[in-house]
Each structure stands twice: as structure tokens, then as C-alpha cells.
Protein chains: 2
Amino acid sequence: MSASKRVLIVDDEAPIREMIAVALEMAGYECSEADNAQDAHAQIVDNKPDMVLLDWMMPGTSGIEFARRLRKEEVTADIPIIMLTAKTDEDNKIKGLETGVDDYITKPFSPRELVARLKAVLRRTTPKGVEEPVTVDGLTLDPVSHRVTADGQPVDLGPTEFRLLQFFMTHPDRAYSRSQLLDMVWGGNVYVEERTVDVHIRRLRKALGERHDYLVQTVRGTGYRFSAQVA
Amino acid sequence: MSASKRVLIVDDEAPIREMIAVALEMAGYECSEADNAQDAHAQIVDNKPDMVLLDWMMPGTSGIEFARRLRKEEVTADIPIIMLTAKTDEDNKIKGLETGVDDYITKPFSPRELVARLKAVLRRTTPKGVEEPVTVDGLTLDPVSHRVTADGQPVDLGPTEFRLLQFFMTHPDRAYSRSQLLDMVWGGNVYVEERTVDVHIRRLRKALGERHDYLVQTVRGTGYRFSAQVA
DNA sequence: GTTTTCGTTACACTAATATGACATAGTCTT
DNA sequence: AAGACTATGTCATATTAGTGTAACGAAAAC
């Protein structure tokens, strides 16, 4: 309940978008809008919303096609999607669920229903570490207070190092290339040298101290990995 | 590393093509060029490049028209396109995105920006493969965490040994010649002595230890084989 | 017993990463 | 609005890890 959740509304009809946006904003969400798949994709990559509301029928790339594309791509695969559809079409529903859509609402729907479902999906899908503290071997990151402690002692981190650590702690035991880290931590469409990642890794390790810097592991020829298991 | 990505540069001005080609080749991409839509189309069908850089303004079929055509055809629909345009024209930008162009760069641009964007688009577009861990007789290789364990104990491998083992474990019970291994593990166009393979086999066996080195078997006169069955 | 083929080791060379220093762009103070 | 901080990205350099070759010994094959 700290920072409000950001929802991207994708629908080709402006009035519908507006209606939804108003309803959601009253419920305390932050909304952005897109009227086609391309624009939506760009916004998602850049801003990483917490949720996407996706209209089924759209000119150009259809909703379901778009959903499938989002699921396939690493950067967007984890973002929850709620599909909006005009008619109760069982067939579509099946397809939608197969695509990995998280929920499915048929128009017309009441704002109350929408908000309720949205909340439910967010509760289900919000991974630990986004609002719950994560701890690994005495190292704790609390996203709410935006604080990191090592065995109780506060750790001083710059904003980037914080995000980096947060990403690592919520995606442990997995090797990431520098490009991937740039995508996931820095956000899409920024271009910085890959070596810059090394520098921030260095700063992070330094801040973690001897007691914990083993958690940030170098995977030669590949990138980095966060793990409690020693290599 | 992996096979380099091939980029087709479509622009009617030869100097510009050249400039771009040089920048990309320095960054490790393989370039081909076309100065009109027809030629470009032929090359795309023949060579299936991983990416098309498309100039907005071209005599004959314009860039945007061409992009639309590519999107419509089954075979070319999935090839990512980056549009190059001379002026900051918002209107064009919109049209371009509607056409399904993946990104959009306004001239003049720095080589670095170009390469960065290209990389980003390729990363987004390349579908993430589902990588499952492989296990053979207590020996496990996990591509995701980029780790190898023998009966739970971590095994320390260099990058090449890792790739070698990965190849072996995903292609077991089959003998490969040294040159085949060089092709598959080292990558196509590298020249190294065949005997170098022996050395890496040796390093791999050593790292696997007595418990598991039997898995890497010598096929005299032919090459090597990975198998759980003893010969 | 001679000839191949493979195993092993040592070593020079390269490539990848770590690190420290610096320039720049914001922010906040005063 | 100038000065003091902070954060960040990039470079240059140091350090370390990984690679490929050659040379020689050991096993097979003939």
C-alpha cells in the first residue's frame, strides 16, 4: 500500500479507456493509456506498469496476440494481464487463459467488479519483495521503508544499487547477462555501456561488505548471479 | 560466442549505408545492404536477416510502405524493423509505430545509439527459450543459474567447459568428431587446432572428478561421446 | 616394434572482470 | 545564483581467469 499501483489501459476506444481510468483512479490506482499494441508495448517496456488491462478486440495486433507476445518476452513476462472482452465467448476465454492471461472480464462490467478483480489479481501475482521484505542470510531488503540491513546494521545504498539488489533478491539463483540487467533494472530504451553494470556491481558489493558480498557472484563470460549457495 | 546476428541495411544513399555498416560490423554484426525495396525484399526472403534497418525516405516504394508489406507477409512478419528517419516528424512516428515497426531512430544518430537500440530490440524480440536443467547420474547442469553440480556439490567449470558439457548433456549417446565439436561448441567460423578439443575434454573430465568422468568417453579414431552407459 | 592416436602438462597469450578516478548532471542549501 | 553534495556513467588501468599450442609420454592399433 505504499506507492500506488500503476495500471496501463489498452483499448482502441477512447471513451472506454476514460471510463476505466476514472474508476481506477478513484480507487487509488495510477493509470496510463494506449490505443494500440505498439504504443502499449513501448509504454510497458519503458514504465513497467504493475498491471495491464487489455481489450480483446483491437485493430492491428489483437489483444490475444499481444498478450502472447508479452508473455514470450523476458522483460514483460511477469506483468499480470486482465483481458476485457465484449461478449461471453467461452472459446475466447479458453484461448485467453491458455495465453497466460491472469483474469478475464466481460463487458459490460461495473467499476466495482473491475476494481475487485484487479485487486485480486494483484494480490495473487505480486511477488515477494515488491511489498514484502526479503531476507537472505541476514541481509534484509524492505521495499516499503526502502531500507537494507545486514544483520540489523543499516546498509547505505544509492538508488541504482538498491534497485539492483532488489532485483537480485527477488530473482535469485539465476545468471543474468549485463544486457538483461540493464533491461530489468535500468529500464528499457536507455542506452548505457554494459560495463557500467560492473561498476554498480562493484558498488553494491562494497556496500554489502565482506560478510555478504559473496551473494553477488560473477559468472564469467555471462554476467552475474545472486545466490546464497557458494560457487 | 553465438553466431553473430545479421542485419540488412536498406537505404538509397550508399555513404549512409556504409557508415552504418561499419558501425555495426565493429559491434560484431554481420551486414548486408540494399538500396531499394525490391532488392531488399529479395535479400530478406533469401537470407532471412535477424533485423532490418529501414530508411524512411526512399525513391520508389517508401520505407513505411515497405514495412507494412513485410508485416503482412507470413514469412517476413516476425523480422524486427528499425526505422531511420531524417527529421523529427511526430506524424511519421505515429504511422511508423502503427505499421508495427519495432523502434524508430531519427537522424542524425550516434553509432552507439544505433547499436544500443538494435541490441535492445533484438533482445526483446528473441523469444526466451525454456531452459530446463539436465541430469545424468547425479550430475546436473542448470542453464538458468548457469551451474553444474555433482551429487549436490558444485562443480567449477570455465565457460568453454560449461558449453561443452551442456552440448554433451543435450546430445548424449552420440560420437562427435573434434571438428564437429568445434562447430557446435566453439561456433562456426573460428580457427583453432583440433587437438585443442582434447585439452578441454581433459579439463572437463578433471572438473567432473572420478565419480563422473566416465561420462565423457573417448571414441578412438573418431572423437568423443557423452554417455551414461559404459563401453 | 613401429605407427597412430590420445592424454597430460606447462606456458605464453588473450580476454574478461575489478577497481579507482574523474566528469557531468542534478539537488539541495544558503 | 553560487557552492556543496550526491548519484551516475565512462574511462584507464590493474588483476585475474580462461584459452589455445606445443611438446612429450602413454596407450592402442597394426
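**Chain A, overall**

I looked up contacts in chain A first, and of those with a separation of 6 or more, residues 24 or more positions apart account for 55%, a contact meaning heavy atoms within 4.5 Å. I worked on a predicted model, in which local features need pLDDT of at least 70 and side-chain atom pairs count only at pLDDT 80 or more, while totals for chains, interfaces and linings use all residues. Residues are numbered from 1 along each chain as its sequence is written, chains are lettered from A in the order in which they are written, and side-chain values use heavy atoms, with hydrogens and water left out.

For chain A I noted eight helices and 12 strands, taken as DSSP runs (H or I of at least four residues for helices, E of at least two for strands) and numbered from the N terminus. I found that its C-alpha trace spans about 60 × 35 × 30 Å along the principal axes. Of its 231 residues, 47% count as buried, that is, under 20% relative accessible area with a 1.4 Å probe and protein chains only, where exposed is over 50% and partly exposed lies in between. I also recorded an accessible surface of about 11,400 Å² for chain A, 50% of it belonging to carbon and sulfur atoms, by the Shrake-Rupley method with a 1.4 Å probe.

**Helices α7 and α8 of chain B**

I then turned to α7(B) (residues 178–186) and α8(B) (residues 195–208), whose axes come within 9 Å and cross at roughly 70 degrees. That makes α7(B) roughly perpendicular to α8(B), the class for angles of 65 to 115 degrees. At this contact, Arg178(B), Leu181(B), Leu182(B) and Trp186(B) of α7(B) meet Val197(B), Asp198(B) and His200(B) of α8(B). I sorted the residues of this contact into four nonpolar, one polar and two charged.

**Asp11(B)**

I located Asp11(B) in the loop between β1 (6–10) and α1 (14–26) of chain B, and Asp11(B) counts as buried because its relative accessibility is 0%. Leaving aside residues up to four places away in sequence, I listed Ile16(B), Arg17(B), Ala34(B), Asp35(B), Asp55(B), Met58(B) and Lys107(B) as touching Asp11(B).

**His146 in both chains**

I checked backbone angles next and found that His146(A), although not a glycine, has a positive phi of about 60 degrees; His146(A) is placed in the loop between β7 (139–142) and β8 (147–150) of chain A. In chain B, His146(B) has a positive phi near 60 degrees and lies in the loop between β7 (139–142) and β8 (147–150).

How values were computed: Axes are lines fitted to C-alpha atoms, for helices over the stretch in contact, and angles run from 0 to 180 degrees between N-to-C directions. Angles under 35 degrees count as roughly parallel, over 145 as roughly antiparallel, 65 to 115 as roughly perpendicular and the rest as oblique. Ala, Val, Leu, Ile, Met, Phe, Trp, Tyr, Cys and Pro count as nonpolar, Asp, Glu, Lys and Arg as charged, and the others, Gly among them, as polar.
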